[in-house]
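Reader: Hello! I would like to learn how to read a few features of a protein model. Could we go through them together?

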Amino acid sequence: MGQTELTSPIGWDGGRAEVDPPAAGRFAEESVQPYDLLLRAGCQALIPLRSALGLRRAAGVLGHYLRGTGAPYRVDAEALLALPAVRSAAGEQLDRWRAEALERWQDGPRTAAAYPADSGWREVALPRAWGGADWRLALRAFAYRLTGTVRVAADGTASADYRFAVLACWDAGRFARLHDVGLAKGFTVTGEAFGHA
């Protein structure tokens with residue numbers, strides 16, 4: 001059985017312990033005006049339009065916002081991780097984990113070892129790319145955190161088992177006024193996926 005390094009996790013530099021708080025104002029603090037009702041009706045009309053255009057994720061989050069429960073909304077983190085921009089960001093972190101684990105392993109007895117790893121929360125913005133419009137309209141940007149274990153075999157090969165967690169505070173951007181007047185409510189977006197690299 002190999003050793004396990006339990007000191008500090010690898011890959012933390014540049015990560016944050018907490019995610020930024022939601023940007024939406026306080027719920028229902030302002031009075032409803034006639035144009036707020038028009039804005040809400042316009043947003044309601046966007047939902048079937050987005051669905052008809054194949055933008056089901058964008059339609060889903062907007063519908064959740066308009067329901068006004070404020071309950072967390074779960075997304076498919078595996079599908080999100082498959083997007084090139086997200087895959088690239090996570091891949092760079094996993095490469096860094098393996099490199100740091102090998103560096104620690106080479107300073108030790110060179111037997112099989114396992115190292116805890118944690119990226120901390122990091123931001124990724126979804127670019128305006130063909131095929132990614134649905135996700136961009138749904139989230140625009142989000143925070144992700146990779147946690148896991150990097151294992152280095154006795155022959156020096158490294159692999160990582162990881163959990164990819166997603167977190168975003170959905171405040172509706174240009175539709176945030178609906179939150180402020182109580183006609184919709186911001187919410188937290190969550191999701192997780194597991195993998196091996």
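This is a predicted model: local features need pLDDT of at least 70, side-chain atom pairs count only at pLDDT 80 or more; totals for chains, interfaces and linings use all residues.

Reader: How many disulfides does a search of the whole structure find?

Author: In general, a disulfide is a covalent bond between the sulfur atoms of two cysteines. Here, the search of the whole structure finds zero disulfides. Cys43 takes part in none, and the nearest cysteine sulfur, that of Cys169, is 20 Å away.

Reader: Is Cys43 buried or exposed?

Author: Cys43 counts as buried, because its relative accessibility is 1% and the cut-off for buried is under 20%. Cys169, at 28% relative accessibility, counts as partly exposed.

Reader: Let us turn to helix packing. How do the axes of helix 1 and helix 2 cross?

Author: As a general idea, two packed helices are described by the angle between their axes and the distance between the axes. In this model, helix 1 covers residues 34–52 and helix 2 covers residues 56–67; their axes come within 8 Å and cross at roughly 150 degrees. That makes helix 1 roughly antiparallel to helix 2, since angles over 145 degrees count that way. The crossing is left-handed.

Reader: Which residues make the contact?

Author: Helix 1 contributes Arg40, Cys43, Gln44, Leu46, Ile47, Arg50 and Ser51. From helix 2 come Arg56, Ala58, Ala59, Leu62, Gly63 and Leu66. Sorted by class, this contact has seven nonpolar, three polar and three charged residues.

Reader: How do I compare separation in sequence with separation in space?

Author: Put the two values side by side. Gly60 and Asp161 are 101 residues apart in sequence and 31 Å apart in space, C-alpha to C-alpha. For Ala17 and Ser119, the values are 102 residues and 9.4 Å, again C-alpha to C-alpha.

Reader: Where is Ala17 found?

Author: Ala17 lies in the loop between strand 1 (3–4) and helix 1. With 47% relative accessibility, Ala17 counts as partly exposed. Beyond its neighbours within four places in sequence, Ala17 is in contact with Trp12, Trp121 and Arg145.

Definitions and conventions. Residues are numbered from 1 along each chain as its sequence is written. Side-chain values use heavy atoms; hydrogens and water are left out. Axes are lines fitted to C-alpha atoms, for helices over the stretch in contact, and angles run from 0 to 180 degrees between N-to-C directions. Helices (H or I, at least four residues) and strands (E, at least two) are DSSP runs, numbered from the N terminus. Angles under 35 degrees count as roughly parallel, over 145 as roughly antiparallel, 65 to 115 as roughly perpendicular and the rest as oblique. A crossing is left-handed if the near helix is turned anticlockwise from the far one by less than a right angle, and right-handed if clockwise. Contact means heavy atoms within 4.5 Å. Ala, Val, Leu, Ile, Met, Phe, Trp, Tyr, Cys and Pro count as nonpolar, Asp, Glu, Lys and Arg as charged, and the others, Gly among them, as polar. Buried means under 20% relative accessible area, exposed over 50%, partly exposed in between (1.4 Å probe, protein chains only). A disulfide is a pair of cysteine sulfur atoms within 2.5 Å.
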